[in-house]
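Okay, thanks for coming, everyone. Let me put the structure up, and then we'll walk through a few spots in it together.

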Amino acid sequence: MTKDKGTYYISTPIYYPSSNLHIGHTYCTVMADAMARFKRLQGYDVMFLTGTDEHGQKIQTLADERGITPQQYVDEIVAGIKELWKTMEISYDDFIRTTEERHIKRVTELFNRMYEKGDIYKGEYEGWYCTPCESFWTEAQLVDGKCPDCGRPVQKAKEEAYFFKMSKYADKLIDLLKNNPEFLEPESRRNEMIAFIEQGLEDLCISRSTFDWGIPVPVDPKHIMYVWIDALSNYITALGWPDDPEKYNKYWPADVHLVGKEIVRFHSLIWPAMLMSADLPLPKQVRGHGWLLLGGEKVSKSKAAKGNDVIDPVVLIDRYGIDALKYFLLREYTFGQDGVFTNEVMLKRMNYDLANDLGNLVSRTVSMIEKYNGGFVPELTEAGKCTDEVDFDAQLKEIAIGAAAKVEAQMNEFKFNMALEEIWVLVRRANKYIDETMPWALAKDEALKARLDNVLHNLAEAIRIISILIYPFMHTTSDAIRKQMGLWYADVVWEDAFTFEMMNGEQVKKGNAIFPRLDIEKELEELYAMNAKPEDENIPLELKDEIEYDDFDKLDLRVGTIIEAEKHPKADRLLVFQVKMGTEKRQIVSGVAEHFKPEECIGKKVIVLANLKARKLRGLESKGMILFADNEVDGKETLEFVSTIAEDGNPVA
């Protein structure tokens, strides 16, 4: 019986239901699920929280476009998210929605406490606003004139707003990060946050008044609470704080907030500052994982809708099974680092590790026990001890009973890939043990029956331990292995992985291959075909909001010729163009260096938005904008100049 080790509270971010989730969200949730299952197996009372962040301008806009209410819109998307987690067998204990009454009333209380503390004041915000991220940015924070988080365009916005005195907590946050290094992992994320604070921490805009899909500010209902207080507070509102505190008192502070690296700042700076303001304990740890990359870019909802690498997790589950996908996500990538997702890498990992190593080990062992001992796991005897010069039995046993402690050490550091590697050291050693002991040769000599029995017993013991070790990562596979090994009657107990001699007389029963071997070339072709879009299919373009003719008439488009082009001295993504338009020569800076070499651009006829207000990009003035058009070649997004044969300086009709 596993001993009670206390509580363990782990959370994923609450996902924004603007559209269906993709494999990047799956990656984070699978990690949290594996840790929750691992801690439960160790004997912890686990609280595993996930959910959805359902307010904001983007949701309201999408709902308006479809002619439905925001609540109807999010209800539809959230139903799909819950169905995905059911399909993935995610073992969450609670699913919090920010539109639930339990959340709304508790967020209001948090705002009131911060307001009464004197940490919230009314002012006016003017800055650059990113609608997809629902974030305001200063000019200095923009990267190439775009949102520093998602890289998309921003719009100038000015409005009355409430602010949180976050600057008041700068020193406390620096102290937290420098003197409690375990609070934020990995170290690279911690260093980024320290540098961010040291640049000067500004007060935080925490309300909006230009849309109304959100929770009203209690002291000024014409404002709605901005994402920070609304979304981040879910980690305590789901626990019942402050009106139903039993669960809160039991599980808070959280042991770990598991988040993507793009929202580390929200969780390691804004959230702790809010808790400091409300005089509440801080979470014990924030861990920021890396991104899954497709073609060198982060997997996003827009990318999930195109491209020929299948990234819909349901498609992969239907084809290969839940555990195969979970194993790949946890085994392939190093926590905290970005990793490239391709179907080929996934299929090779499934074949080599799951089919060849684990599946083959179980299949061979069960077959030999059926063939050589009537289907029953033999007893270990003194007469069957290894008499070879090398004691293969002792080597296998040492690795088997030492694996659990090594897995624990890696899991405590969120090194899922290394924890699985420790298990596969045992899997590979057991396969090698078969080759070393050659049971088929022992079976030919009746005098060696005792030795054969011990070999079969040792293999069964190794597989029993493996079935325990893999349970947090692949519980369905663990159950299937234990059923074949005759262990269907026994619960999976973590402490049993530290003991070797436990099996005697269990009846094995060969079943279907746990992981069938895949024809990788055939699978790749079929996956590509499944995701390919017919060229004649009429798929509407994703466009920005419609404009009126009067808006377009304000644009002064002129013909120009690029006479000089060079890379920006301080920004790798920028090119600096000298453009001649009639009698005038202008400098225009564009973020297109990844698409064009400077020397290729000279002499190009281009269309210039000539009456665009001048601005500085990384220290160089840009006066106007050269027009480019998106294109797609062989599945890769490219840019092309919008060109003309008209003379320089002429207006564009």
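One term before we start: buried means under 20% relative accessible area, exposed means over 50%, and partly exposed is in between, with a 1.4 Å probe and protein chains only. Also, this is a predicted model, so to speak of local features we need pLDDT of at least 70, side-chain atom pairs count only at pLDDT 80 or more, and totals for chains, interfaces and linings use all residues. Residues are numbered from 1 along each chain as its sequence is written, and side-chain values use heavy atoms, with hydrogens and water left out.

Trp252 is in the loop between helix H9 (246-251) and strand S12 (256-260), while Trp271 is in helix H10 (residues 264-277), 19 residues away. Those helices (H or I, at least four residues) and strands (E, at least two) are DSSP runs, numbered from the N terminus. Both Trp residues belong to a cluster linked by ring pairs, along with Tyr9, Tyr235 and Tyr248.

How many aromatic pairs does the structure hold? The count is 26. Another one is Tyr125 with Phe163: centres 5.9 Å apart, planes at 25°, so that pair is stacked. Tyr125 sits in strand S4 (residues 120-130) and Phe163 in strand S6 (residues 155-164), so the pair ties together parts 38 residues apart in sequence. Both Tyr125 and Phe163 are buried.

Arg208 has its charged end over the ring of Tyr129, 4.2 Å from the centre, and Lys82 lies over the face of Phe95, 4.9 Å from the ring centre. For that, NZ of Lys or CZ of Arg must be within 6 Å of the ring centre and within 35 degrees of the ring normal.

Last stop, a sheet. It's open, with 3 strands in the order S9-S11-S10, paired antiparallel. Strands S9 (207-208) and S10 (216-217) are at the edges with a single partner each, so one side of each has no neighbour in the sheet. Strands pair if DSSP finds at least two bridges between them, and S10 is joined to S11 (residues 220-225) by 2 bridges. Pro216, for one, has Ile224 in S11 as its bridge partner.

Note on methods: Phe/Tyr/Trp six-rings, centres within 6.5 Å; stacked < 30°, edge-to-face > 60°.
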